[in-house]
Every structure is written in structure tokens, then in C-alpha cells.
Amino acid sequence: MGHSDDLHIDSPSGSIAWIDATAGIAGDMLLGALVDAGADLERVQSVLDALIPGSVKLTKRTADRCGQRSLKVDVELLVENPPHRTWTSIRDMLEGARGAVPERTIDLGLRVFGMLAHAEGRAHGIDPEDVHFHEVGALDSIADVIGACEAWRQLGIGEATGSTIAVGSGRIRAAHGDIPVPVPATAYLAEGWPTVAGDLLPPRPHGHSHDHDHAHSHPHAHDHEHDHKHPLPEHAAGGPHAAAAPPSGVAPGIGELATPTGVALMRGLAAGYGPMPGMVTRAVGIGAGTKDTPGRPNVVRVFIGESYPHA
């Protein structure tokens, strides 16, 4: 497991955290990292059951992402054709659950979904109140957002910062057609936060000690195809997995590394960006995305601990 027995679950919000999204970020990846760090998935499930009863089932499994151990949280939908939801309906759902769901989980969820609504509203040129979340409002995305907020609460995290976010490059096919990466909502959510495309680094020259001909970066959970041009050794190539050329008519690039949900969680949970702060680390969680792509460990990492006084 990635967590430490020294970390006190449900402690007062006195722990600090640093989110490493230098390989991208998605909601399910952050949820997996927080569960790997010690959050109780059964209790996360109970919160979702209170909000959307009989709708989703969460399971966890150990995953290998380009040779790196990580935890994958899967969301199984238990109902067919889940309804699209507006920001108003999601807000009413969360507000109506006070008393049945921890207050901090609700407050964090409202903050994250509010950010998503404003970004989607800007992207479509409509009032945030009128935003239909489509994919974001689907049950699996509600599970990711509220699940991550509940896991965050359980771990007693008070203050947090985050890394530069790798957002990806190229173009992808989505519900609205061929769109650039980062997609519009992600671009708006990332305003004021440092970002990088996150393309593969070139191989290091031979002759250096401990040399590896691969880079630590990734595409995230969505099933988009990518074009990789750097040869990789077998141990870095993810076993039998092979990179594919982009679909016809789609500009090449690494694809989407950061989703709107993932960036909204970063902005809603972390107060600011920067390198890892001075801290005594008590737990490290590593959350996996769906894809296992050559040369790119598809993971988000979370470091949790306590700050220490500087001399």
C-alpha cells in the first residue's frame, strides 16, 4: 500500500499536501491517489450512496503504469442512461444532503463543481446556471469529484499546493467535434496556474550513469490516441501496449493529459502552486489513469504530511 500507519484518518485539518500533476490529472486519478494514501473507499462509497443511491459502485485494484505501481479506482455505473445535470441541480443535490454527508465534503464539492460550471459557461457562452454538464454531469464524474472531496476530508488535509499541470497537446475528437488540447473548459480552469504541454522528453545521451531512455510523463484516463516518435526500450514501453497514430484528420500530439474535472479538483483543493513544500511526508499516494502508454507513467501522486519549522 502507499499509505502510512502514522497518518491519522479523520484528524483535524492539520495535514498539508502536495499534488504532483506533472504528468497530467483527471478526477479518477486523484481519487486513486488519495485512496492509495489511506482514504477508506468503503466510506467514500457510503457518501455517494447518500447522494446518488444505487447509481455507482467503486472498486480498487493495483495497476502497473509503465513499470510504476499505482492504484486504480474504477467506477461502475449501475443505471442506464444517466441524466444530464445542470449546475443548479447538482448544487441543490449537494445542499440537500447536509446532515447525511459531511459538511466539508459538501463544501469542497460545491467549490469544485462551481468552478466547472463557470468554465463550461465561458466555453459555451452561456450563464453558469444554465450549464448542462454532459460528460461532467455523468454519474462517473460526480463519483470522481465527490469521491475525491470525501477522501480529502478523511485524510485531514488542511493546506495544499500543487505542481505545474501537464495539459497535453494536439487535437481530440469529443462530443462537440474536433477540438484543440487543452479543451476550452480546461484552458479556462488553468488560467493563472502554470501549465506545460507535457510532450515526451528526448532520450538522454548514452554514457551517463543510471541512464534511462524514457521520460516520466503520460496521457491520462480518456481513450484518445497519440503519436509517439521516440524509440523506447522494452522495459519503458509498457509491455505489449503500443502507441497508435492519431485518427485521420486530427493533428498529431500527445493528446489530452488534463481533464476539466481534474484541473477543477486541483484548483478547488490546492490553495496555490509551487514545488513541494518543506514537509515531513507521512503518506505517498499514486493514482492510475486508464491508459498504460509507452514511456509515460499515467499517474497522479499525492504527498501528505506535516510542515516542519524552518531554521
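A hairpin joins β7 to β8 through two residues; strands here (E, at least two residues) and helices (H or I, at least four) are DSSP runs, numbered from the N terminus. The model is predicted, so local features need pLDDT of at least 70 and side-chain atom pairs count only at pLDDT 80 or more, while totals for chains, interfaces and linings use all residues. Residues are numbered from 1 along each chain as its sequence is written, and side-chain values use heavy atoms, with hydrogens and water left out.

**Hairpin strands**

- Strand β7 covers residues 171–174 and runs antiparallel to β8, with four bridges joining them; two strands pair if DSSP finds at least two bridges between them.
- Across this pair, I172 stands opposite I179 in β8.

**Overall make-up**

- The protein has seven helices and 13 strands.
- Of its 311 residues, 52% are buried, where buried means under 20% relative accessible area, exposed over 50%, and partly exposed in between (1.4 Å probe, protein chains only).
- Among contacts with a separation of 6 or more, 79% are between residues 24 or more positions apart; a contact means heavy atoms within 4.5 Å.

- Helix α4 takes in residues 103–124, 22 residues in total.
- Just after α4, G125 takes a positive phi of about 70°.
- E150 belongs to helix α5, residues 139–154, and counts as buried at 2% relative accessibility.
- The side chain of E150 makes a polar contact with the side chain of T105 at 2.6 Å. A polar contact is a pair of N or O atoms within 3.5 Å; within protein, one must be able to donate a hydrogen and the other to accept it, and residues adjacent in sequence count only if both atoms are side-chain atoms.
- Leaving aside residues up to four places away in sequence, E150 touches R43, V44, V47, P102 and T105.

**Prolines in loops**

- P82 sits in the loop between β3 (68–77) and α3 (87–95), and is partly exposed, with a relative accessible area of 24%.
- S55 is 27 residues from P82 along the chain, and the C-alpha atoms of the two are separated by 8.6 Å.
- V181 and P182 are joined by a cis peptide bond, with omega about 0°.
- The loop that holds P182 lies between β8 (177–180) and α6 (184–189).

**Cysteines**

- C66 is found in the loop between β2 (56–65) and β3. Its phi is near 55°, a positive value in a residue other than glycine.
- C66 is buried, with a relative accessible area of 9%, and C149 is buried at 0%.
- The structure holds zero disulfides, a disulfide being a pair of cysteine sulfur atoms within 2.5 Å.

Key
The expected span of a helix is 1.5 Å times one less than its number of residues.
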